[in-house]
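Subject: Structure for your review

Hello,

Here is the structure we discussed, followed by notes on what was found in it. Please look it over when you have time.

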Amino acid sequence: MRLLRSSRALFALLGAVLISDADVAHAQTGLATEGALFLLLPVGARSVGMGQAVVADRPGTEAVWWNPAAIGAATHREAAIHHSQSVAGTGDAVTILVPSSLLGVLALSVNIFDYGEQQSNPDASGPEEVAGTIIPRSFVYAATYATSLGSYVTAGLTYKLIQFRIDCTGPCPDINFSATTSALDLGAQFTVKKSVPLVIGVAARNIVGLNVQVNDSPQSDPIPRRLQVGVQYRYDVPPRIAPETAVRVAFDLADGIHVGNPAPRFGVDVAYRERFHVRGGYAVEASQSEAGGPSIGLGLSTGNLVFDVGRILTGLSADAGKAPTYLSLRYLF
């Protein structure tokens, strides 16, 4: 009976995890048969505030998870943490970035998503029925390299080691398991010319990687492969209208690697003195999931610190009264 109750708790937990992520995959590809769907959850408050239209942006270490080429122009070392909170769970991505004028730019990152603890025997009521604790988490370890190719082009790649695991502490049935795979991201950015503030970006994420496998090959699923292209234009507002103010407008298209139904993403960033930022965006393709719909954001730079906050205004978390919230803290040195 204990094993039956524990199995029911585990199935309920896994169902909640897969539903929250499958919405993202279904909205972007029409299919929900992919594995490692947590790879589609957004990372970084600035990117979220811009409606995830960031493939042509240069948001610092957030770019590791969107377009590795975007760190190719970095001139300062950076240490950053990108935090997220929703009903799906809690995420924390930590990155260290080191640029070199001779060797290019290198970044090392880890992204941990915690889906929340669950009792293995939720019906335990007496001392003879002690419940264990189920801990489902996903881990992504990433190494990114990017470099400038002349004055107008940057290119980059990211290697990722991906793991989804369920651990159990205390009295537990035999439910501990993990699924591990790897993936490769490629990206490039093109500046039209120095006199025209237009950047074109393209990124292919998870294009190379083995299927997510738990036990044997028939139980494996492909990782979610995505292609995203976009442009970003910067407009400096005339001083007589709004002094020291710049507006960045971004537009992206995102789809599976076999393009068939590209979905738009829009983003706007209004910056005053490049210190205060107000952002807004919309990710059309995932408006019914945790990762899409309208979003807003704010940013503040002071000295060597950069702080950003972003929020997605629709989805399961918002319906539950807890809209997905993203916080990023970057230290430049």
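Asp-236 and Arg-234 form a salt bridge, with their closest N and O atoms 2.9 Å apart; the term covers a side-chain nitrogen of Lys or Arg within 4 Å of a carboxyl oxygen of Asp or Glu. Asp-236 counts as partly exposed because its relative accessibility is 46%, and Arg-234 falls in that class because its value is 28%. (Buried means under 20% relative accessible area, exposed over 50%, and partly exposed in between, with a 1.4 Å probe and protein chains only.) Arg-234 and Asp-236 belong to a network of salt bridges that also takes in Arg-248 and Glu-274.

On provenance: this is a predicted model, in which local features need pLDDT of at least 70 and side-chain atom pairs count only at pLDDT 80 or more, while totals for chains, interfaces and linings use all residues. Residues are numbered from 1 along each chain as its sequence is written, and side-chain values use heavy atoms, with hydrogens and water left out.

The salt bridge count is eleven. Another of these joins Asp-269 to Arg-279 at 2.7 Å, N to O. It links distant parts of the chain, ten residues apart, with Asp-269 in strand S11 (263–272) and Arg-279 in strand S12. (Helices, H or I of at least four residues, and strands, E of at least two, are DSSP runs numbered from the N terminus.) Asp-269 and Arg-279 are both buried.

Arg-46 pairs with Asp-57 in a salt bridge, the closest N and O atoms being 2.9 Å apart. Arg-46 sits in helix H2 (45–49), and Asp-57 in the loop between H2 and strand S1 (78–86). Both Arg-46 and Asp-57 are buried. The backbone oxygen of Asp-57 also lies 2.8 Å from a polar side-chain atom of Gln-189. Gln-189 is in strand S7 and is buried, because its relative accessible area is 0%.

The largest pocket holds about 780 Å³ of space. (On a 1 Å grid over the protein atoms alone, where a 1.4 Å probe fits, a pocket is an open set of points with protein on both sides within 12 Å along at least five of seven lines; lining residues have an atom within 4 Å of a point. The volume is the space filled by probe spheres set on the points.) Its lining has 32 residues, with Arg-46, Arg-58, Gly-60, Arg-248 and Arg-330 nearest the centre. Strand S8 gives the most to the lining, four residues.

Regards

Key
A polar contact is a pair of N or O atoms within 3.5 Å; within protein, one must be able to donate a hydrogen and the other to accept it, and residues adjacent in sequence count only if both atoms are side-chain atoms.
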